Every structure is written in C-alpha cells, then in structure tokens.
Amino acid sequence: MSTRDRHAERPRYMRCLRKTEPEPGFHLEQATKPVPLRGEVLIRVTSAAICGTDVHIYQWDEWSANRIKPPTIIGHEFVGVVEQLGQGVTQPLEVGQRVSAEGHICCGTCYYCRTGKAHLCQSVEIIGVDRDGCFADWISMPAGNVWPIHADIPDRWASVMDPLGNAMHTVASADVAGASVLCVGAGPIGLFSVPIAKARGASRVIVSEPNAYRRGLAEAVGADLVLDPTTGDLEAAVMEVTRGMGVDVILEMSGHPGAFRQALRLARLAGTMVLLGIPSREFAIDWAEEVIFKALTLVGVNGRRMFETWYQTEEFLLTHGPSIEPVLTHTMPMEDFDTAFRYLTSGRAGKIILDFGG
Ligand SMILES: [Zn+2]
Ligand SMILES: [Zn+2]
C-alpha cells in the first residue's frame, strides 16, 4: 500500500449528534472531521455522557432557544484518546493517551481568568453549547483544557468527570466535615454529591427527592436517610435526626422554588446553603426569617474551578470511584440517542453514557 493510499483511507467525515434547526430533537449526521488548529489536540471520542443541559437543548426550552445557534454539535462530557497534536502543543500530551477535557474554554486574559477564577470568565465558550461539542467521533480541544486520565480510572468514570466536578465544587464550597448535610434533588449531580460529601467527612447525608426511581439510586450511593418531599412529614423527619436544630449544610440541586423554601426552613442557624440547581424563573423567599435572622450563608456555584476541582475529582475517583457506579445506570450505542433522551425525560435513568465505539 502506498503512502497516498493509506492517506486516502483516513476518514474525513464523522458521525455526530447535531441540533440542526431551532426545534426539539437532535439529528444523527455526518460532519467533517475536525483538524486540530495550533495549540489544539484532536481527540477520538470513545464515550460521552448526557447532561441535563443536553436534555434542555434536546427539548429546545427557552434557555436553549436564547443561547444555541444551530447548527451545533451537542455534548460536553466525554472521554477519548489523543489522535493528533496540533502545532505548538508543548504540554506533556501524547498520541494514544486517554483524556477528558474541561468544556469551558476561557479567554485567559479577563479579570477572572487572571485571578484564579476562570470558571467565571465572561468570554467563556462552552463546547456543545457555544461551539461544536463531543457527541461526535472526534473533537478538537485547546491543549490547556485537556485532562489526562489516570491509568487506574476506567473510561466509564472518566466520561463523567465534568458533572462529578460540579458535585465536587458544590460540596467543597461548604465545610461538610463532621456536618449533617441535606441534598435537595437526586439528579446525577445530587447523587454524585452524596459519596463526595461522605468522603469529605459529612457525618450524615440526607436526600430529598420526589422521584421514587431516583430515591432508590440515592439509597444505592449510600445516603443515610432518603425522604420523599411529597408525602409524609419530611421536615419533622429531618428535625428529628438533627435533634431539632436543622442541618448544618444544604446542597440545593433542584432549582425548584418549593424545595428551595423547604430547604431554607431546614437549615440550622448560621448554616450554609450551597446553590447549584438553576431555577427557571424568579421566586420569593422569606429573606428576614430564613436568611438574615438565621445568619445563613448562601453560596452560588458555577462550573468547576480550573483546575483545582479536577485534581480533587481525580483523587476522589482514585479513592472512592466504585461509589459512583449506581449513578451510571445505562450505556447505549450513540445511535440510540433518542431512546436515551426518552429515558432521561421520563425520570427513569441516572447518568446515560453513549458508546462511540472504537
Ligand atoms: Zn454537563
Ligand atoms: Zn476570561
């Protein structure tokens, strides 16, 4: 076989899941295989996980319609193998190395980037949102965003390091050592936060979740008490186990106004409430009674700290990795994406990993 023949054999096209029109759904399409630009790394995607953000984009809600400019390849949580290094890549990255990547591509020059808060970069571009994402056979990423995967971390866990990082950042935003913790909402990030809070020394982790399937997952990841906020007296149950004081730390993962207000009532005086769940609209709370007179600390959480959160997440996976297995409920071929989104929208799945083969 001549060099030219071998060159001709290289694929120039790839499969991708793309939002082609401003309407619900994704299309499985052919796209041109990306070429790594200077400073970029071409990665062959092996597995990618579906995020709640992808569900919003699939459903084409108000947020998606305002933010996404079709056509866009979706997806931002993945693991793959380095296939080619672009010019000028000086990091110790090698062809054949397993990698994931931080999907927030920051400017590196704004106030936040220059003061160690790149997760708040005001010129951020997010893969699968503002530019083409990882639901494709290949993706090209800036080398600085690429995260080499430790040999003892399997692909399954590596594919969810992004949302696991959101959980890590949320839990790490409060002092949970020796604390009672209430996690409000047991979606994948809420579920991940249970073993993370325990690994960081929480004395007791309570989960509030209306969906029975997800309550089962909360028990499987080791929550000490799992409660249904729609039946029974959740507030009395929490007060009983906290000896009438309320919990030290609340992890608000739901963004649901009713759940948010209930959580505020369950915080002890001078407690901390960390907010990751995104409310879809404004809502009122009793600021005087539930925040000011309670001396409550409210902490908003956005993204992952670059790259402190990634180091913490890697260390967690190396020491407690099997604890996240119950959350990874399904693996499907990428072609079955419609089935995956049906499972997710019906609330009958934790994290779904799409297999890209290879
Ligand atoms: Zn995500
Ligand atoms: Zn910036």
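A residue is called buried if 20 or more other C-beta atoms lie within 10 Å of its own, exposed if 12 or fewer do, and partly exposed in between, with C-beta atoms placed from the backbone. By that rule, the buried residues of helix α12 are Thr309, Trp310, Gln312, Thr313, Glu314, Phe316 and Leu317. This is a predicted model, in which local features need pLDDT of at least 70, side-chain atom pairs count only at pLDDT 80 or more, and totals for chains, interfaces and linings use all residues. Residues are numbered from 1 along each chain as its sequence is written, while chains are lettered from A and ligands numbered from 1 in the order in which they are written. Helices (H or I, at least four residues) and strands (E, at least two) are DSSP runs, numbered from the N terminus.

- Helix α12 covers residues 308-320, and its 13 residues should span 18 Å at 1.5 Å a residue, which agrees with the 18 Å between its end C-alpha atoms. The expected span is 1.5 Å times one less than the number of residues.
- The cover over the buried residues of α12 includes β10 (146-148), α5 (155-158), α6 (161-172) and α7 (188-199). Contact here means that the C-beta atoms of two residues, placed from the backbone, lie within 7 Å.
- The axes of α6 and α12 come within 9 Å and cross at roughly 105°. Axes are lines fitted to C-alpha atoms, for helices over the stretch in contact, and angles run from 0 to 180 degrees between N-to-C directions.
- α6 and α12 are therefore roughly perpendicular to each other. Angles under 35 degrees count as roughly parallel, over 145 as roughly antiparallel, 65 to 115 as roughly perpendicular and the rest as oblique.
- On the α6 side, the contact is made by Met161, Leu164, Gly165, Met168, His169 and Ala172, and on the α12 side by Thr309, Trp310, Gln312, Thr313 and Phe316.
- The contact of α6 with α12 has 6 nonpolar, 5 polar and no charged residues. Ala, Val, Leu, Ile, Met, Phe, Trp, Tyr, Cys and Pro count as nonpolar, Asp, Glu, Lys and Arg as charged, and the others, Gly among them, as polar.
- For α7 and α12, the axes come within 11 Å and cross at roughly 85°. That makes α7 roughly perpendicular to α12.
- Pro195, Ile196 and Ala199 of α7 meet Phe316, Thr319 and His320 of α12. This contact of α7 with α12 divides into 4 nonpolar, 2 polar and no charged residues.

- In helix α2 (residues 52-59), the buried residues are Thr53, Asp54, Ile57 and Tyr58. They cover an arc of only 140° around the axis, which puts them on the same side of α2; the arc is that of the directions from the helix axis to the C-beta atoms.
- Covering these buried residues of α2 are elements including β1 (13-19), α3 (62-67) and α13 (337-345).
- Tryptophan 60 sits in the loop between α2 and α3. Its phi is positive, about 60°, although it is not a glycine.
- With 17 other C-beta atoms within 10 Å, tryptophan 60 is partly exposed.

**Other backbone features**

- Most residues other than glycine have a negative phi, and most peptide bonds are trans.
- Alanine 270, in strand β15 (residues 267-275), also has a positive phi of about 60°. Alanine 270 is exposed, with 10 other C-beta atoms within 10 Å.
- The peptide bond from proline 70 to proline 71 is cis, with omega near 0°. Proline 71 belongs to the loop between α3 and β4 (72-73).
- Methionine 306 and phenylalanine 307 are joined by a cis peptide bond, with omega about 0°. Phenylalanine 307 is in the loop between β16 (297-300) and α12.
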